[in-house]
Amino acid sequence: MLEIENKTTHFLKHNANPLLHLSGERERMQHSLPSPPSAPPLTSFLRDQSKATRSVVIATLFFSFLFLLSLSSTSSSHSIPSQPDPFLFPSRPTFPSKIPSYRPPPSIAYLISGSSGESNRLLRLLLATYHPKNQYLLHLDSSAPQAERDRLALTVQSVPLFRAAQNVNVIGKADFSYQSGSSTISSTLHGASILLKLSKNWDWFISLNAADYPLVSQDDLLHILSYLPKELNFVNHTSYIGWKESSKLKRLIVDPGLFLSAKSAMFYVSQKRELPKAFRLFSGSTFFILSRSFIEYSILGTDNLPRTLLMYLSNTPYSLPNYFPTILCNSHQFNKTIINDNLLYVAFDKSSKENRTLNSTEFDAMIESGAIFASHFRFDDPVLERIDAEILNRSPGNVVPGGWCLGEPGNSTCSVWGDADVLRPGPGSRRLEKHLVELLSDGKFRSRQCILE
């Protein structure tokens with residue numbers, strides 16, 4: 001052992017760094033070898049070019065990476081928050097099972113539709129019906145230029161309250177909607193399907209057009225609806241098919257709104273068809289309040305009746321008033337959920353047998369009717385100003401103040417907001433309550449459900 005240690009010590013003394021010693025020997029051997037011949041000029045040029053190309057590519061990739069980072073940071077700083085404003089929708093504590101859980105007010109999904117030049121009317125109707133609990137989908141049909149649709153979307157996006165609640169959307173790809181055809185059914189179902197996808201929390205669906213206007217605040221409406229079963233559907237309907245209605249239903253048309261990209265005249269077919277035997281036809285109105293469960297049944301349900309009826313009515317003029325009443329009354333699941341009143345005030349002209357345009361002379365009658373909406377109004381009719389001032393307490397360019405508005409009274413009442421579940425019902429809720437009590441008392445509504453005449 002001692003001999004091995006002495007030899008190791010002797011080796012390390014004369015070779016303090018064996019690696020350096022070996023590398024020195026390798027260098028002497030390399031110097032003693034003949035040097036390789038120099039590269040030809042072309043090869044040297046290509047090698048220099050390759051190095052320059054790599055440098056350019058690396059530099060380009062580096063600056064591109066920096067550019068993408070700047071874009072992502074810019075977009076993230078201006079993007080809409082992924083969650084609604086917590087002041088409008090605060091989280092609520094859970095209670096023990098023995099204590100009744102908190103039941104928030106219901107929510108309504110509104111489809112608000114208009115045509116070319118009606119974007120301002122849609123915005124006014126949006127402000128008059130707005131509540132953070134609800135969902136709103138605005139639709140300018142294909143008769144409106146895309147520039148008008150873009151301006152509408154930008155206007156909606158510019159309102160801080162709408163951005164905070166994240167509950168107002170605009171349809172980008174518009175539909176044609178011929179009132180005299182069947183494309184109105186397609187447009188309505190399209191809007192309803194989008195609203196189903198946008199939110200899982202709404203309870204009723206209401207389709208409005210630019211000529212409609214509310215007669216109660218949303219606090220009034222949501223307060224009363226919170227006491228009603230969410231399965232109820234408010235739809236005018238009758239099975240009576242007179243000669244005029246029969247003649248209309250037997251006629252055949254081809255609605256160009258279903259297959260043409262430009263507005264065109266309706267095609268009428270000379271032949272007529274018999275009324276269906278597989279189901280009973282009902283007629284009603286283009287205004288309705290439909291439950292979410294019924295909308296899901298009509299769009300997503302496994303029962304084929306909604307699709308069968310859709311195919312049948314696709315060649316029927318003015319078919320929207322027939323679609324939903326016929327489905328409701330031919331469905332065993334929903335024919336007991338229908339109320340034969342759509343809560344819409346209209347003025348019927350007996351001489352022309354058509355609904356006439358409303359004005360100030362109808363103000364007292366429409367308010368006392370207990371209806372929640374009225375139709376039809378002219379654009380900027382003075383009666384709308386009166387409804388805003390006396391019924392809705394709405395100032396121009398602002399939403400209707402509700403229990404969620406925490407600002408000082410005046411134009412800035414809703415510039416500061418709180419919990420959207422807080423409702424402040426007013427006289428409109430008492431008028432609506434009185435009307436519904438009359439509808440539902442003594443089983444009257446049962447005797448008017450889907451009567452076969």
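Two strands count as paired where DSSP finds at least two bridges between them. All views below show a predicted model.

**Figure 1. Pairing in the open sheet E5-E16-E13.** The sheet is open and has three strands in the order E5-E16-E13, with mixed pairing. Its edge strands are E5 (213-214) and E13 (344-345), each of which pairs on one side only. Strand E16 (residues 373-374) pairs with E13 in the parallel sense, over two bridges. In this pairing, Tyr345 stands opposite Ala374 of E16. Strands of a sheet pair through backbone hydrogen bonds, in either a parallel or an antiparallel sense.

**Figure 2. The salt bridge between Lys230 and Asp203.** The closest N and O atoms of Lys230 and Asp203 are 3.3 Å apart. Asp203 is buried, because its relative accessible area is 13% and the cut-off for buried is under 20%.

**Figure 3. The salt bridge between Glu296 and Arg292 in helix H10.** The two side chains meet at 3.1 Å, N to O. Glu296 and Arg292 are four residues apart in helix H10 (residues 292-300), which means that about one helical turn separates them. Glu296 is partly exposed, with a relative accessible area of 31%, whereas Arg292 is buried, at 12%.

Figure 4. The side chains of Arg386 and Glu390 meet at 3.1 Å, N to O. These residues are four apart in helix H14 (residues 382-392), so the separation is about one helical turn. Arg386 has a relative accessible area of 31% and is partly exposed.

Figure 5. Leu258, Phe259 and Phe267 form a nonpolar patch on the surface, and together they have about 300 Å² of accessible area. Phe267 belongs to strand E9 (residues 267-272). The relative accessibility of Phe267 is 38%, so this residue counts as partly exposed.

Figure 6. The chain has a mean pLDDT of 82, and 77% of its residues reach 70 or more. Over residues 66-80 the pLDDT is below 50, and this stretch has three contacts in the model beyond near neighbours in sequence. Residues 1-46 stay under 50 in pLDDT, and the model has two contacts for them beyond four places in sequence. Where pLDDT is low, the predicted coordinates should not be read in detail. The chain contains 16 helices and 16 strands. Of its 453 residues, 44% are buried. Its accessible surface comes to about 25,600 Å², with 58% belonging to carbon and sulfur atoms. Among contacts between residues at least 6 apart in sequence, 76% join residues at least 24 apart.

Note on methods:
Residues numbered from 1 in each chain as written. Predicted model: local features only at pLDDT ≥ 70, side-chain atom pairs only at ≥ 80, totals over all residues. Heavy atoms only, no water. Patch = residues over 30% accessible without salt bridge, like charges linked within 9 Å, V, L, I, M, F, W, Y side chains within 5 Å. Areas by Shrake-Rupley, 256 points an atom, 1.4 Å probe, with all protein chains shown as cover. Salt bridge = Lys/Arg side-chain N within 4 Å of Asp/Glu carboxyl O. Buried < 20%, exposed > 50% of the residue type's maximum accessible area, 1.4 Å probe, protein only. pLDDT = per-residue confidence, 0-100. Contact = heavy atoms within 4.5 Å.
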